[in-house]
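Look at the model below and find the places where one part of the protein meets another. The text then goes through two such places in turn.

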Amino acid sequence: MSAAIRRHRRRASPQRQLAYAAAGLITAFMLFPLYLIGVAALQPRTAVFDYPRALYPSPFSIESVAFFLSATGILPALGRSLLIGVMTVVLALALGCPAGYAIARYRFAGRDLVQLLIVSVRAFPILILAIPLAVTFINWNLYDSVLSVALVHTVMALPLTILLAASVFLRIPSELEEAAMSMGTSRFGAVWRIVLPLSRPGLGAAALFAFVLSWNEVFAAAVLTVRNPTLPAQIVGALGQSPLPFRFAGGLALTLPALVFIFFMRPYLFSAFGQARR
Amino acid sequence: MAEITIESISKSFSGVKAVDNVSLTIHDGEFMVLLGPSGCGKTTLLRLIAGFDLPDAGRISIGDRDVTVSPPGRRDIAMVFQSYALFPHLRVFDNVAFGLRMHHVAREEVTSRVREAAELMGIDAFLNRYPTQLSGGQRQRVAVARALVMRPSVILMDEPLSNLDALLRLQMRAELKHLLQDIKTTTVYVTHDQVEALSMGDRTAVMRDGAILQCASPMEVYDRPGDVFVATFIGNPPMNIVRGVARDSTVAVEGVEVRLPEASNFPAAAEVTVGIRAENIEVHSEPHHGALPATVAVIEPLGSHLLLTLAAGAETIKASVRTDFPVKRGDSVWLELREGSVRLLGAVTESARST
């Protein structure tokens, strides 16, 4: 390392510290409320009203959480939410990847229009779509089912999934596919064996967005279900009449699965094949 | 082992003709170089042979099979890309084995053939590495091994050496030529580097604006270029292009007559374009019979010889002389155009005269 580079590194280091400090602050700003919810949920029910607030659960208690989980309908709602989230991810990727691939690789007539239409799906407020959707699902005998909510969530997740997938595929040189095809595989085979493995980080991010969108979505879930609500729909419905500890436990239950999902998707988000890190 | 026949093939991209009615036969086992400046259609022609693009018109056969619209994987070709196109998520071994596995070759045979190709290319020590862990030269070798392992009828190469640094390029050039001569596989090699074209090919097809201007052996293309473009594109320095007046079997340049190797098509005196290579001009420091007087404008020592830039009347001519030739800037010299090496490159047309 030359002296000039070393000097440059040293000079860059305070800026870097500043950047780390800023990143830390932003992270704390986002995470601290979640942390407080977690603390409140893991304390005895009476401790919720203490002031000043405890910064860690002391004494530790799963009383609130157990009470929350044992409340009628919570566990089935949690299960439905997970199932709908996974279905949304699978459907959004299964439909979004081919669509994104077409936009990335083919110059077809009306390509720009299609791209615009895809984005414009998000322009329709779900509020306006809710009644027609409910009527349609009743006619199709899908009302109040897991599938109906998953379908609506898929539609909501698709624009972002398609555009993310397209941008991920665009960054993979088409020469790689051509090389694979010249060695005897079809275009589909080239996509399956070369493009998809290389797209895992980007598609992982797309899956993450789809899951979190579905997990957090309340309105469509509340309109399309009556006896079989998702967890957010159930909690929103019960929020008015429930005691404070119940709400904190519900908050924790809403946050945790998404965090766990993010934790498992993490390697796909940040691993980069371009880096010689293996 | 196969002959490639290309019959009046055309391809346009959004109205621009990339390849315009090209016909070419590449013989079995031949090393054919497609040479031309960027945008001349050489890469498009290669991609049409590979099947990555389909032609608008015309026919391509490999061996005795019409492959005009066959998918790339059914053409029995292997391609080496400029970017190497190695699969970054697969180890070198799996990169080389990819094609064999796609063809359902038995596991033991895959292993032995990959090892054989790797040994041939000297990459057997890297089989467990990922492409990003290799240097540019090693990646190049993997790309070639990946093509060779398929034992294809035709190997297509798209500027395979252009991403290597100069010294490595020189070494790989000789190595590739040696290798491809040994395995005797029909090869189509695209390059914009005229030195590569001259040194490697059995024949060179010089392309411009989607058409093949001349297709002949490298020495033929160098020595008897078909037109002014070929003459100036190939060789360093490019061929001297001067005006002359041709009649029967002589041509007069700046009033000095030189005999042509063969009778011209101009029985009456006609204004023509004349080409002569720098090394075919004898430079005399004394007046000489049949030599045209010139003044030395620039002297460039190039190690093996001196390159002189000379003003002879209205023409600027480059000539090379031995390094011990006594000359300095502003000297008067006499240029003798070596008999038999003067080329007529066609009549001067109205459009050419106005430029």
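A salt bridge is a side-chain nitrogen of Lys or Arg within 4 Å of a carboxyl oxygen of Asp or Glu. In this predicted model, A:E178 forms such a bridge with B:R47, and their closest N and O atoms are 2.6 Å apart. That distance falls under the cut-off, so the pair counts as a salt bridge. Between chain A and chain B the count is one salt bridge.

The rest of this interface can be described around that pair. Which elements give two or more residues to the side of chain A that touches chain B? They are α7 (174-182) and α8 (187-216) of chain A. Of these, α7(A) gives the most, with seven residues. By class, the residues on this side of chain A divide into 10 nonpolar, four polar and four charged.

For the interface as a whole, 18 residues of chain A are in contact with 22 residues of chain B. Together the two chains bury about 1900 Å² between them, and 69% of this area is on carbon and sulfur atoms. Five residue pairs are in polar contact between chain A and chain B, counting pairs with both residues at pLDDT 80 or more.

The domain assignment of chain B gives domain 1 (4-233) and domain 2 (240-354). Taken over C-alpha atoms, the centres of these two domains are separated by 38 Å. Where they meet, eight residues of domain 1 of chain B are in contact with seven residues of domain 2 of chain B.

The area buried between the two domains of chain B is about 760 Å², with carbon and sulfur atoms giving 48% of it. On the domain 1 side, B:Y222, B:R224 and B:V228 lose the most area to domain 2, together 56% of what that side buries.

How many salt bridges does the rule find across the interface of domain 1 and domain 2 of chain B? It finds one. This bridge joins B:D223 to B:R343, with the closest N and O atoms 3.9 Å apart.

On the side of domain 1 of chain B that touches domain 2, α7 (218-223) and α8 (228-233) of chain B each supply at least two residues. The element that gives the most is α8(B), with three residues. This side of domain 1 has four nonpolar, one polar and three charged residues.

Notes. Residues are numbered from 1 along each chain as its sequence is written. Chains are lettered from A and ligands numbered from 1 in the order in which they are written. This is a predicted model: local features need pLDDT of at least 70, side-chain atom pairs count only at pLDDT 80 or more; totals for chains, interfaces and linings use all residues. Side-chain values use heavy atoms; hydrogens and water are left out. Contact means heavy atoms within 4.5 Å. Buried area is the accessible area (1.4 Å probe) that two parts lose on being put together, summed over both. A polar contact is a pair of N or O atoms within 3.5 Å; within protein, one must be able to donate a hydrogen and the other to accept it, and residues adjacent in sequence count only if both atoms are side-chain atoms. Helices (H or I, at least four residues) and strands (E, at least two) are DSSP runs, numbered from the N terminus. Ala, Val, Leu, Ile, Met, Phe, Trp, Tyr, Cys and Pro count as nonpolar, Asp, Glu, Lys and Arg as charged, and the others, Gly among them, as polar. Domain bounds come from an automatic or database domain assignment.
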